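Dear colleague,

Please find below the structure that I am handing over to you, together with its sequence. My notes on what was found in it follow.

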Amino acid sequence: MNSNDLLQDLLTGTLSETDASDSSDEDDQFIKEPPTKITRIENFVEETVPQYSDAVFQEHFRMCRRVVDFIIGYFAQSAYKAASIGGRDKVSNEKAILLSLWYLANTETFRQVADRFNVSRSAHRCLVRVITFLASIKHEYIVWPCKNEAKHIGEEFEKKQGIKNVIGAIDGCHIRINKPKLNQDSYVNRKGYHSILLQGVVNNRKMFIDVYCGEPGSLHDARLLRKSTLYAKAAENEDIFYNVFVGRLGISMS
């Protein structure tokens, strides 16, 4: 077997044990040649990020330093904190959080993120660990207001917009995804790409008080609302609005 045939078999996955044993010494040397060390960006977190101004930092990570520092500290005390894997040096808690926020805030591939943060396959593990951590604490921060809070929110909305009886602003957005294996057409939105929907309600301070996510991108906003947990809660107990209404043109709670 010549080198071209061997390479073709390696690429197509058709190389058998017999083929491998019959290969020449030159072919064996070609297979066993140690991989070249990959050169990546070094000290991005340690040297470059600290030099960012607050404005540039927030532009890149979509959060201010104070909030990111809080998340890093909370993450470091959690069960999801950084740990050594297979005897290799662990990715620091700071790097794990910054890596994940960078990936979520920018349109870079895992390969580009791994290069920027000087990690290998651990980039994906870091992201999964951080997302799982954030999901585990969402109930602590995405909270529907109590009656007194709702009254205050309504007063603040009225001061800002001159509209009475508003508890929150509701809207939806599309999160682009790869084409799914099942029900592909259901995930094609009106703009022609595959997505899932996210519905959010924010208060007068633009803080989320309710989030619902995961429905196919072809759903209209009104139908998304009817399928949401917020709608189900309102159907069971209308008093959650405390006579104050969530509103957006084209969406109705009735």
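Just after helix H11, Gly 162 takes a positive phi of about 75°. The model is a predicted one, in which local features need pLDDT of at least 70 and side-chain atom pairs count only at pLDDT 80 or more, while totals for chains, interfaces and linings use all residues. Residues are numbered from 1 along each chain as its sequence is written, and side-chain values use heavy atoms, with hydrogens and water left out. Helices (H or I, at least four residues) and strands (E, at least two) are DSSP runs, numbered from the N terminus.

Ala 150, Ile 153, Gly 154, Glu 156 and Phe 157 of H11 are buried (under 20% relative accessible area, with a 1.4 Å probe and protein chains only). The cover over these buried residues includes strand E1 (166-176) and strand E2 (195-202).

Val 201 has its place in strand E2 and is buried, with a relative accessible area of 0%. The C-alpha atoms of Val 201 and Ala 169 are separated by 5.4 Å, although these residues lie 32 residues apart along the chain.

Two packed helices are described by the angle between their axes and the distance between the axes. Axes here are lines fitted to C-alpha atoms, for helices over the stretch in contact, and angles run from 0 to 180 degrees between N-to-C directions.

The axes of helix H6 (residues 65-76) and helix H7 (residues 93-105) come within 9 Å and cross at roughly 125°. The contact (heavy atoms within 4.5 Å) involves Val 68, Ile 71, Ile 72, Phe 75 and Ala 76 of H6, and on H7 Asn 93, Glu 94, Ala 96, Ile 97, Leu 98 and Leu 101.

Helix H5 (residues 54-61) packs with H7 at an angle of about 70°, their axes being 7 Å apart. H5 is therefore roughly perpendicular to H7 (65 to 115 degrees). From H5, Phe 57, His 60 and Phe 61 meet Leu 98, Leu 101, Trp 102 and Ala 105 of H7.

With kind regards

Notes:
Buried < 20%, exposed > 50% of the residue type's maximum accessible area, 1.4 Å probe, protein only. Parallel < 35°, antiparallel > 145°, perpendicular 65-115°, else oblique.
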